[in-house]
Amino acid sequence: MLEATSVPEIKLEGVEMKYQTAAAEVLALHQISIDIARGEFVSLLGPSGCGKTTLLRLMADLIQPTGGEVKVAGKSAKEARLAQKYGIVFQSPVLYEWRKVKHNITLPLELMGMKKAQREEKAMRLLELVGLRGFEDKYPWQLSGGMQQRVAIARALSMEPEILLMDEPFSALDEFTRERLNEELLSIWSEVGNTVVFVTHSIPESIFLSDRVFVLSPHPGRLSAVVDIPLPRPRTPDMRNTPEFFELIARIRGSFEGV
Amino acid sequence: MRHQTVLFRGKLLPVIVWVLGVLVLWEAVSWLLLDVIKTPLAQSKLPYVHKVAATLWEYGDTLLKEGGVTFSNAAIGFLLGGFTGALLAILMSLSKWLEQLAFPYAVASQMIPILGLAPIIYGIVRDEQISRILISGYITFFPVALNMLRGLRSVTSSSLELMYAYAAKPWAVYWKLRFPASIPGLFSGLKIAAPLAVTGAILVELMGARRGIGVIMLRNLYYGPSHTYMFWSTVIAGAVMGIASYLLMSLLERLVAPWQPEFRPKGGGQ
């Protein structure tokens, strides 16, 4: 949708990731170069073992590459993290069970040093955004898995991050919940307008959500294709049943190597 | 309202039946020992419940006063020990090096029999109040340190990564993540330690104090069979203090950390 502007929001150049195990050296990622534009929604798609989560963790500065470099708006990933540019959503919600829903959402704001009244007001708006108004005083265990993941999304959005990193956030949910949350995520993104990197192993999910899909293949983890998704926005559920959609599925399926 | 009373009855009824059953059985066995088998010193072995109860009632003032001395000293020692234990746990969680240094000493400290340690401490400080406080604290710190340390270490790597991704300062990681996560551990330590702190204080009193429930206990034991009922009363008073200290900690836990799995209603939420 969005054309790449002059300075890419996220730029990976020749990124390489090696692990030393007792038996041998494992090459998890081989020569990955990716440019992601500001405001773009991209997916990292691939089977397990392709290094897609590793790639996301590299962007988040949770791990550091053994070769190549990761740049975020021209700076290092570490600088971007310290400047609190990231919102992150994991595969599991990772809510703090001693905090009520609203206080889970305000956690990043507390770390930023925002005033309490402002924080709480913001949490209420975010709850509205993710459709959980009225649940602010519940504890995480009182919510279903899908609701918990929505709280995690609200938390990730709370500090208005320039970059939202999502690591298979809906993979633990059933198909119906997942599709509904896909639609909700897109409507939230259309309001917030930040850059989103979304890791998934579901081909339809990656197509439905993204402007571009980066297809990764395993052993060693490498980029085997970049697929533009020309479907118009806003995306609607019935697009999942169009010939273009199926054609994209077939194209992406054909682009995997060595699976 | 109706629903609540039914629930209340459903929970309370078994307890009442159980307690009454034990009392009736107790009474029956002491009657058996005394009047049927005619064992020597039958009442010292198992006195009549109703007589013990009467003694408890008659000497309630004394028991309450002396028990109060024991309990308040035990409570001070417990607080000091709990505080020390928590501090030690935090220090050990901060540094592996410190843990390796301190842990063997903490374990070794628990190998010393309290029965031997109590007179030593009493000999050094020469004050029964301080001795009681020290022994109660000494007993408390170890279970608290051990359980709280486990709690501090119990945080998942993803919840730590979340903090890291938001560039949280080290103190924030402690204050907002490790510390709250350790509260259940802290309370398991406190719940183990509370009755032990009371027992420890009583033990010190047996070494020759002038006040406290342990003193009346010892005195009535010396006086022999004629004071059996009073002796049993002091034992019961001691037990009640232990149970009360445990219940107090349980109540506090419910207030401080109500989010824990064991406090959730059965059948899940929502």
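**Note on the predicted two-chain model: domains, chain contact and local features**

1. In chain A, 12 residues of domain 1 are in contact with 11 residues of domain 2, two residues being in contact if their C-beta atoms, placed from the backbone, lie within 7 Å. On the domain 1 side, helix 7 (residues 175-192) of chain A gives the largest share, five residues; helices (H or I, at least four residues) and strands (E, at least two) are DSSP runs, numbered from the N terminus. By class, this side of domain 1 of chain A has nine nonpolar, two polar and one charged residues. Here Ala, Val, Leu, Ile, Met, Phe, Trp, Tyr, Cys and Pro count as nonpolar, Asp, Glu, Lys and Arg as charged, and the others, Gly among them, as polar.

2. This is a predicted model, in which local features need pLDDT of at least 70 and side-chain atom pairs count only at pLDDT 80 or more, while totals for chains, interfaces and linings use all residues. Residues are numbered from 1 along each chain as its sequence is written, and chains are lettered from A and ligands numbered from 1 in the order in which they are written.

3. Domain 1 of chain A comprises 1-85 + 161-259, and domain 2 comprises 96-160; such bounds come from an automatic or database domain assignment. Taken over C-alpha atoms, the centres of these two domains of chain A are 25 Å apart.

4. Chain B is split into domain 1 (1-45) and domain 2 (47-261), with 30 Å between their centres over C-alpha atoms. Seven residues from domain 1 of chain B and six from domain 2 of chain B form the contact. Helix 1 (2-36) and helix 2 (42-45) of chain B each give two or more residues to the domain 1 side, and helix 1 of chain B supplies the largest share, four residues. That side divides into three nonpolar, three polar and one charged.

5. Within chain A, strand 1 (residues 10-20) and strand 2 (residues 25-36) pair in the antiparallel sense over eight bridges; pairing requires that DSSP find at least two bridges between two strands. A hairpin of four residues joins strand 1 of chain A to strand 2 of chain A, and A:Met17 stands opposite A:Leu29 in strand 2 of chain A.

6. B:Arg150 lies in helix 7 (residues 128-153) of chain B. B:Arg150 is partly exposed because 17 other C-beta atoms lie within 10 Å; a residue is buried at 20 or more, exposed at 12 or fewer, and partly exposed in between, with C-beta atoms placed from the backbone.
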